[in-house]
Structures are given as C-alpha cells and as structure tokens.
Amino acid sequence: HPLLFCEQYLSIEGFKVIQQELYQNVGLAIACVAVIVLITVGNFMAALLITINVALCIVEILGFMFAAGIVIDSVSVINIVLAVGLSVDYSAHIGHSFLVKGGSNKDIRATEALADIGASVLNGAMSTFLAVAVLLGSSSYVFRTLSIQFVLTVVLGSMHGIVLLPVLLSLVGPAPFASAEAPRTEVVDDLELSEDKMENEE
C-alpha cells in the first residue's frame, strides 16, 4: 500500500489540536499557580485574588495578540503558558506584603504594601522588559513572537500587580496575619503620644 507524506501534514495535525492544547495547558498552569500561591501565601482570599489577576492578564495578552496579528500556533501557545508563571510573580509579592501589614484599614495596608515592595516589583519588571526588548527587532518569527508576548506579559503583569491588585485588596482584601507588623500610622501616633507625655511630665 502506498504511503503519502508531506511536511504540511505535521502543521495540519498540530492545528487540529492547538485550541484544545491551549485551553488545557493554560487551565492546568493557572490551577497549579492557584495551589502553589495558596500554599505559599497561606490565605485563601489573597490566593484567589492573585489567581484572578493572572487569569485576567492571560485574557488581555490574548486580546493584544489578536491586535498585533499573532496567530495561535505552537510558538505562541508555549509563550502563553510561560506567561502564566511570569505574571504571577508581580501579584504574589504585593499580595504577601499586604498580609504582613497590620491594622484594620485596608486602604492603609495596601498603600504600605506598595510603599514596601512596589518599587522592587517595578524594578523586576523593568529588568525583564530590557532583557527581551532587544529581540523586538529580530527577523526571526520565533524570537519576534516571543519578545512581543513577553513584553505584553511584563507590562500587563506589572500593571495588574501594582495597580489592579492593591485596589482589589483595599476593597475585599483579607485580614492580616496574626504576626503582622503594626501600621506605620499607629506607630507614629504612639511615638507622638509618648513624646507629648514626656513633655507634660517635664
């Protein structure tokens, strides 16, 4: 029996399953991120908000890919799965910092979390951006696609972590850890009260 073969058959077979692979792999990656974040952060609500941030980031990356003319193929799907792991980094640091800030005022806790870790998160995003920005002018389809998707991941992931997540935490954020540090405003007030008391005693 004759056997027909063509190199295009490989691409055709890949495109037949690429949509299912995209949903399956991204779904499994987000599920693994949710479990790991829950274990490391130790708070269900914080882990849920971080996971929602990651999922929204992936949806937005897909939208920008359409605008940039990037098709769903094996290269872009691999980069999307990698984006799940990259984008969680920015939100996880902000979420953990929020949990270690004491007090009952969520707005103050979110502000203090940004003051403590926000600059470090932004610096990390900038260093990653600079690492892949040099590939934007590449003539290779693989490198150009990778660089565009990684730039989208860095920009959207950092914006979700620095802008969106603090807002969500200030609205529906969880209570702090029992070992959380006292709010800076309360520390300042206590110092001012003690100074006033010392002055009155003198």
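Q: How do you know that helix 2 and helix 3 cross at roughly 145°?
A: In this predicted model, where local features need pLDDT of at least 70, side-chain atom pairs count only at pLDDT 80 or more, and totals for chains, interfaces and linings use all residues, the axes of helix 2 and helix 3 come within 8 Å and cross at roughly 145°. Axes are lines fitted to C-alpha atoms, for helices over the stretch in contact, and the angle runs from 0 to 180 degrees between N-to-C directions. Residues are numbered from 1 along each chain as its sequence is written, and side-chain values use heavy atoms, with hydrogens and water left out.

Q: What makes residues of helix 2 and helix 3 count as meeting?
A: Contact means heavy atoms within 4.5 Å, and among the residues that meet are Ile50 and Asn53 in helix 2 and Ile80 and Ala83 in helix 3. The residues of this contact divide into 14 nonpolar, five polar and no charged.

Q: How do you know that the length of helix 3 agrees with its number of residues?
A: The expected span is 1.5 Å times one less than the number of residues; the 26 residues of helix 3 (residues 74-99) should therefore span 38 Å, and the end C-alpha atoms are 39 Å apart, which agrees.

Q: At what angle do helix 2 and helix 5 pack?
A: Helix 2 (residues 44-68) and helix 5 (residues 141-172) pack at about 145°, with their axes 9 Å apart.

Conventions: Helices (H or I, at least four residues) and strands (E, at least two) are DSSP runs, numbered from the N terminus. Ala, Val, Leu, Ile, Met, Phe, Trp, Tyr, Cys and Pro count as nonpolar, Asp, Glu, Lys and Arg as charged, and the others, Gly among them, as polar.
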